[in-house]
Amino acid sequence: MTQILNSLLPATLTALDALSLNQKLLASNIANANTKGYTPSHLDFEAYMDSVLQNLDMNSATDDRIGAYVQQTSGEVQLDMELGLMSENLQKYKAIMDVLNRQTSLMQLAITGRSI
């Protein structure tokens, strides 16, 4: 059980970091929607997390590796698409925060014998 929690917590925190970066990318895309020559960027969150989960040594899950999953999109910023992606990203963030809260409650229960 301890080993599972030890690998889940870093994976959860890594996912939150990745989603935060993705939110910044999406916000930048929206802010630069009218900037001539601006190329929108997106994070391939699923591919990044697949690579993290395949290597459960979370010490190697650094921002250095995440850059490989940021992709430039050809064409102009499509505001409706960016807003939709931002909403989807927010829902993922909320879901992972729920997972983190549950993990914290489990750890609290294991340590003290009572939940939060």
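Visitor: Hi! Which helix is Glu 82 found in?

Guide: Glu 82 sits in helix α4. Bear in mind that this is a predicted model.

Visitor: Okay, what is Glu 82 in contact with, leaving aside its neighbours within four places in sequence?

Guide: Its contacts are Leu 26, Asn 29, Ile 30, Pro 40, His 42 and Val 77.

Visitor: Which other residues of α4 are buried?

Guide: Besides Glu 82, the buried ones are Met 86, Asn 89, Ile 96, Leu 100 and Gln 103.

Visitor: How many residues does α4 have, and how far does it reach?

Guide: Helix α4 (residues 79-112) has 34 residues and reaches 49 Å from first C-alpha to last, close to the expected 50 Å. Gly 113 follows, with a positive phi near 85°.

Visitor: New topic: what's in the largest nonpolar core?

Guide: This core has 13 residues, and those with the most contacts inside it are Ala 18, Phe 45, Tyr 48, Met 49 and Ile 96. Helices α1, α2 and α4 each supply at least two of its residues, and α1 gives the most, with five.

Visitor: And what does Ile 96 touch, beyond those sequence neighbours?

Guide: Ile 96 is in contact with Thr 12, Ala 15, Leu 16, Leu 19 and Phe 45, leaving aside neighbours within four places in sequence.

Conventions
Residues numbered from 1 in each chain as written. Predicted model: local features only at pLDDT ≥ 70, side-chain atom pairs only at ≥ 80, totals over all residues. Heavy atoms only, no water. Helix = DSSP H or I, 4+ residues; strand = E, 2+ residues; numbered from the N terminus. Expected span 1.5 Å × (residues − 1). Buried < 20%, exposed > 50% of the residue type's maximum accessible area, 1.4 Å probe, protein only. Contact = heavy atoms within 4.5 Å. Core = buried A, V, L, I, M, F, W, Y, C linked by side-chain atoms within 4.5 Å.
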